Amino acid sequence: MDELDHGALFLAHRTGGEDNLVVPARNAPCSQKYKPVDYKHLYELAAEAKMASAQIQLKIKKAEQVSKISREQMLLKQHRQVWWQEYKRLSESRQKAEEEMKTFLDEESNKNNFFFDLRELEQKLSKEWDTYQTNTLVPVWQLQEDLKLKLSQVQRYLSKESCQKPKINSAEVLQQIKFMKNQQKAILEGLILESLALERELEECKENALEHSPEDKNGLLLEVPPELASLECPYPDLQALVVEEYQELARGYGAKLQQVDQQLEALCRNSDWKEEDQWVFQTVINQYPSDLQRRRTLYLDMLQRHLPHKSRQELVTHERARDHYLSIRSQRRALLSTWAQLRRAFVLRALAAAAEAAAAHEAQVLLADSRQKQLDICADLKAKVLQWKAQQEEAAKLEAAVAARRKEKEDERERLQREQETIRRAQDKEKLKKYWAEKELKWQEQEERDLQQLEELRKLMAEQAAKDRERVRFRRALLERRRLQKKELALLQARRQQQQEKRLEALRQQVAIVAESDPARAVADTVASKARMGIGANEEVELQQPLFRLHTYSEEQVISDPRLRVELALREAGLHKTLYAREVLSKLPPPKLPRRDTESTAFKM
């Protein structure tokens with residue numbers, strides 16, 4: 001590791017075999033010799049590098065997972081905020097609609113029999129709901145209460161709170177539950193069928209009321225307004241000209257409207273989405289207001305959750321188709337609004353022209369003007385109608401051009417928005433790459449510092465080990481000399497003891513006492529027996545007796561601990577504050593191992 005860290009290069013030379021591979025030790029000071037390659041050490045370095053790389057990759061995966069979870073939580077939090085706002089808005093709208101409906105029915109029920117019938121129908125439905133609840137829901141609630149009561153009895157019996165075993169017929173209970181399930185299933189199926197039939201009926205009524213065929217729409221557009229049909233004009237050709245101009249104008253708008261409807265029908269036919277999926281798509285998008293930040297990201301995420309069988313590309317394609325559909329719908333509404341305004345303006349102008357013609361005719365009758373004046377007036381009126389027609393056609397062309405420019409502007413805005421989104425994603429990817437590059441550089445620098453510290457620590461430990469070995473050899477020689485001195489001292493003391501024993505034995509022989517024969521002394525009381533019986537007792541105070549009884553360790557027991565003896569030896573040598581002393585003392589076991597139940601496992605987790 002040292003050579004790799006300092007960037008040393010090893011050049012391998014194959015001279016005769018694998019055992020002859022040698023490399024120059026270039027980092028060695030003033031060394032020109034060769035040493036063999038330590039493949040085992042290199043394999044260990046490679047294994048360590050692989051292990052470090054695997055750990056870094058695992059950390060990266062964990063960081064990505066944590067980032068993904070936090071992003072998911074942030075999206076869910078934003079979704080909840082939008083859902084809560086939509087829920088409040090819908091609740092307020094529903095409450096307001098119910099109050100308005102109730103107020104309207106209360107006010108109109110006394111004026112019209114139809115609303116009175118609605119009130120009666122509401123009361124009838126309320127009674128039917130009460131009957132349904134009594135016949136269907138109440139038995140379910142009763143069965144639920146009975147099951148809870150029986151379950152509590154069984155639990156009390158099992159917990160030995162009650163000595164009486166409950167009498168429960170499990171087969172009968174199961175039969176009741178099964179019967180209730182079948183009954184509820186049949187009722188729900190009937191209600192579902194009724195609701196589906198009612199929905200189909202409402203859809204048919206809605207289609208019949210709102211949808212018309214292209215011929216019906218053209219007929220409605222070409223139908224002459226009652227104001228023009230009942231127009232009182234003294235000149236029939238003028239009235240016919242007005243009706244013809246109205247029908248021609250209506251045919252032009254009818255063709256445009258038919259073209260727009262064909263585009264809408266083509267979009268509807270080309271869509272392979274189900275009605276339910278389209279309804280979910282529209283409802284989810286409507287929940288997110290247009291001024292919300294990251295609106296498109298949020299509703300696309302929610303659509304992927306509600307429509308998991310649709311890919312993101314399909315959602316984006318349907319979104320574009322929907323935008324196109326809404327644009328065409330807005331064009332249709334603008335076209336209908338323009339036609340309504342144009343129709344009202346045409347009727348007003350026709351009425352004004354008819355009034356002018358009537359006034360002119362009345363003036364002609366009253367003043368008896370010539371026929372030429374009448375022809376001039378008709379020509380003037382015809383020119384005005386033709387001029388108005390040209391103006392209307394020009395206005396229609398301008399409106400079509402404005403609508404086309406709006407569509408182009410909307411397409412350009414969407415294109416710019418997509419380009420900005422693409423640029424933002426590219427910038428985010430670049431930032432992410434830069435961030436991970438900085439992380440990798442920091443990790444490499446930290447690894448180099450750690451390796452340098454490890455090398456310094458190993459050098460320090462090697463120096464300390466050399467010093468310790470020298471000290472051990474010195475202490476071993478010192479102990480050997482002490483052991484020899486003690487052995488010589490013991491031999492000297494033994495010889496002295498033997499000489500003293502010999503002198504004492506000679507002294508005892510010189511002062512030996514020869515006892516006289518006294519048979520009565522063998523059966524007489526001894527001094528000790530007399531002392532026990534209190535004969536001639538003389539109690540004396542023992543001054544050497546300790547005052548208190550001690551319950552502790554003796555000096556021999558304390559010295560018998562090897563840890564204390566090693567610590568005293570290290571203290572005498574001046575090594576008790578070194579790392580070597582700490583390591584040696586931590587590895588020495590006590591004379592008696594502690595009980596396993598007194599060891600703490602709090603710091604081993």
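View 1. I192 counts as partly exposed because its relative accessibility is 47% (buried means under 20% relative accessible area, exposed over 50%, partly exposed in between, with a 1.4 Å probe and protein chains only). I192 sits in helix 4, residues 170–210 (helices are DSSP runs of H or I with at least four residues, numbered from the N terminus). Together with L188, L191, L193 and L196, I192 forms a nonpolar surface patch with about 450 Å² of accessible area. Such a patch joins nonpolar side chains (Val, Leu, Ile, Met, Phe, Trp, Tyr) within 5 Å, taking residues with over 30% relative accessible area and no salt bridge; accessible areas come from the Shrake-Rupley method with a 1.4 Å probe.

A word on the model: it is predicted, with local features needing pLDDT of at least 70 and side-chain atom pairs pLDDT 80 or more, while totals for chains, interfaces and linings use all residues. Residues are numbered from 1 along each chain as its sequence is written, and side-chain values use heavy atoms, leaving out hydrogens and water.

**View 2. Helix 8 and its buried face.** Here you can find helix 8, residues 275–287, which spans 18 Å from its first C-alpha to its last. Its buried residues are D277, V280, F281, V284 and I285. Seen down the helix axis, these buried residues fall within an arc of 125°, so they line one face of helix 8 (the arc is that of the directions from the axis to the C-beta atoms). They pack against helix 9 and helix 10, while E275, E276 and W279 are exposed on the face turned away.

**View 3. D301 in helix 9.** D301 belongs to helix 9, residues 295–306, and is buried, with a relative accessible area of 14%. Beyond its neighbours within four places in sequence, D301 contacts L75 and H79 (contact means heavy atoms within 4.5 Å). D301 and H79 are 222 residues apart in sequence, yet their C-alpha atoms are 9.4 Å apart.

View 4. E419 and R415 form a salt bridge at 2.4 Å, N to O (a side-chain nitrogen of Lys or Arg within 4 Å of a carboxyl oxygen of Asp or Glu). Both lie in helix 11, residues 371–510, four residues apart. R425 pairs with E421 at 3.6 Å between the closest N and O atoms, and a salt-bridge network links E421, R424, R425 and D428. R473 also forms a salt bridge with E470, at 2.4 Å, and these two are three residues apart in helix 11.

Methods: Patch = residues over 30% accessible without salt bridge, like charges linked within 9 Å, V, L, I, M, F, W, Y side chains within 5 Å. Expected span 1.5 Å × (residues − 1).
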